[in-house]
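Please read it beside the sequence and the coordinates.

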Amino acid sequence: MLQVRELRKTFFEGTPNEVRALRGVSLDIEDGSFVIVIGTNGSGKSTLLNAVAGSFYVDRGTISIAEKDVTRWPEHRRASMIGRVFQNPFSGTAPTMTVAENLALAARRGLRRGLGRLLPARIQNELRDRVATLNMQLENRMHNPIGTLSGGQRQALTLLMATWRRPDLLLLDEHTAALDPKSADQIVRLTEDVVSQHKLTTLMVTHSMQQAATLGDRIVMMNQGSVYADYSGARRRHVRAEDLVRRFDEIRRDELLDASAAEMLRDAYV
Amino acid sequence: MTLLLSAWTIGLILSLLSLGIYISYRVFRFADITADGSVTFGAATAAALLTRGVHPVTASIAAFVAGGLAGICTGVLHTRFKINQLLSGILVMTALYSINLHVMGSSNLPLLSVTTITTYAQDLGRKITGHDSATLLGWPVSARDVGSLIVVGSIVLIIALIAWLFFNTNLGSAMRASGDNEQMIRALGVSVENMIVLGLCIANGLVAFAGALLAQYQGFADVQMGIGMIVWGLASVIIGRALIGTDSVGAALIGTIMGSVLFRLIIALALRWGLNPNDLKLVTAIFVFGALVLPMTLQKVKRHAAGS
């Protein structure tokens with residue numbers, strides 16, 4: 001479903017702030033698989049997601065979704081195939097517009113938007129019914145501005161919006177990180193339901209080892225802009241949160257070693 | 001009474017300009033100074049066509065199209081060439097000054113001897129009042145003033161209704177969302193760039209249309225008539241928001257129209273009470289400054305009071 005080949009991206013190239021965010025990432029994701037992406041801060045996991053979504057163009061490499069090469073497609077064009085939920089609960093919804101309006105906008109993701117009415121009477125019931133399935137009593141607040149809802153409620157609605165029309169690919173960028181633990185749990189459960197119910201091909205970035213160990217059918221660990229470890233099939237089934245933490249410690253030790261080696265070299269030669 | 005009627009009429013004409021500013025400033029948070037040029041562009045286009053014998057309705061629609069083109073230019077400068085919002089507007093506004101002189105052929109074009117919308121309004125007024133003048137609540141009023149108010153009021157009503165319907169379509173809602181949350185609407189497959197260009201096109205079309213009506217009402221087009229119009233529009237939009245206070249489209253549209261009329265009435269009264277007309281722009285600018293800063297200051301004071 002998703003094929004990523006040798007992706008490279010450097011930000012602020014040629015300046016002191018140069019960041020080599022992606023250094024040749026390749027990844028193949030099969031139809032219907034639920035992949036968890038983990039990694040330390042700055043490992044490039046969010047950058048990878050944004051590259052796939054089209055927030056920026058990559059320097060090198062190709063991205064294809066459902067057999068289509070989308071490497072040079074602008075973000076809004078890729079949106080016809082991709083559903084997205086962001087880390088910031090405020091990013092996924094238009095605050096001054098009502099719950100119903102936001103959902104109706106999402107119901108036309110990737111479709112032409114003409115002069116038909118956004119909220120004809122016949123669609124309103126469908127919107128209400130789908131919102132009722134969230135069990136958050138939001139169906140009584142369809143005409144409130146979405147900005148008046150809590151972060152957890154907005155994130156639940158964003159998830160509903162991202163999957164309203166079945167996306168070829170669902171991208172979840174640490175979508176529970178900014179929520180309180182209770183809301184985060186609720187969103188995780190909702191995510192599991194939605195993904196399994198529609199058999200969505202999903203790429204989910206998370207900081208939580210607990211989520212990584214319990215969700216999904218494959219774990220990709222990133223470090224320094226490339227794939228460091230990839231657990232799938234039987235290996236994925238046997239991996240526990242502690243194993244993942246141990247791998248992170250390895251990474252940290254390697255980096256410390258690098259740093260101390262550099263210091264030794266500096267002492268000896270500079 | 002004449003003063004009051006004409007203040008109402010001009011307020012309503014300029015409410016179309018304010019609706020344009022509402023689209024650029026409130027929907028997109030785009031301070032679009034193109035308005036200063038496009039209001040004159042609309043007046044100039046309409047005036048040039050009217051003096052050549054074109055029907056007033058056609059001439060006014062042509063003004064809308066002309067303003068729309070100016071808006072597209074600003075939008076393209078900003079979205080395609082990545083020029084800062086304000087600078088894009090300044091470039092187009094400056095270019096329009098020369099274009100307006102070319103369109104009019106001089107810096108001032110009188111319309112008193114040609115058929116304009118006001119001519120029709122006067123006929124309508126005569127039909128209603130029966131004479132060239134009548135009395136309203138005991139005050140003498142001219143048929144021209146009554147007719148103009150009715151005609152302009154109907155035009156504003158129709159345009160506001162179209163605007164309201166538009167902002168509730170799929171396209172219009174996507175436009176509102178583009179201003180509200182770019183990231184979200186992009187992720188839903190909308191090109192924010194295209195929306196900005198389309199939005200500025202409609203906004204400046206309305207502004208130019210207001211310019212065309214204003215020229216026909218006051219009986220001339222002048223190359224200087226656009227100066228400070230953006231600030232005028234901002235003042236109306238801000239007053240409208242203060243009057244209504246919600247973000248729903250219908251309320252905002254009504255608020256903007258009310259704001260424009262109210263502002264014009266205040267100005268007319270101030271002028272009547274001896275405000276020097278030369279100080280008008282200064283007063284308007286100070287008013288907008290106050291309206292922008294006051295809410296912030298009030299909040300600070302409130303927080304301070306709560307903290308201590």
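Chain A contains nine helices and 10 strands, where helices (H or I, at least four residues) and strands (E, at least two) are DSSP runs numbered from the N terminus. Its radius of gyration is 20 Å, close to the 18 Å that the globule rule gives for 270 residues, so chain A is as compact as a globular protein of that length; the radius is taken over C-alpha atoms, and the rule is 2.2 Å times the number of residues to the power 0.38. This is a predicted model, in which local features need pLDDT of at least 70 and side-chain atom pairs count only at pLDDT 80 or more, while totals for chains, interfaces and linings use all residues. Residues are numbered from 1 along each chain as its sequence is written, and chains are lettered from A and ligands numbered from 1 in the order in which they are written.

| Property of chain A | Value |
|---|---|
| Span of the C-alpha trace along its principal axes | about 75 × 40 × 35 Å |
| Buried residues (20 or more other C-beta atoms within 10 Å of their own, with C-beta atoms placed from the backbone) | 40% of the 270 residues |
| Contacts (C-beta atoms, placed from the backbone, within 7 Å) between residues at least 6 apart in sequence | 70% join residues at least 24 apart |

Within chain A, four strands form an open sheet in the order 2-1-4-5 with antiparallel pairing, two strands being paired if DSSP finds at least two bridges between them. Strand 2 (19–29) and strand 5 (68–69) of chain A stand at the edges, each with a single partner strand, so one side of each has no neighbour in the sheet. Strand 1 (residues 2–11) and strand 4 (residues 60–65) of chain A run antiparallel and are joined by five bridges, and Arg5(A) has Thr62(A) in strand 4 as its bridge partner.

Beyond its neighbours within four places in sequence, Val37(A) is in contact with residues including Lys45(A), Leu48(A), Leu203(A) and Met222(A).

The contact between the chains takes 25 residues from chain A and 19 residues from chain B. Helix 3 of chain A gives the most to the side of chain A that touches chain B, with three residues.

Technical notes: Two residues are in contact if their C-beta atoms, placed from the backbone, lie within 7 Å. A residue is buried if 20 or more other C-beta atoms lie within 10 Å of its own, exposed if 12 or fewer, and partly exposed in between; C-beta atoms are placed from the backbone.
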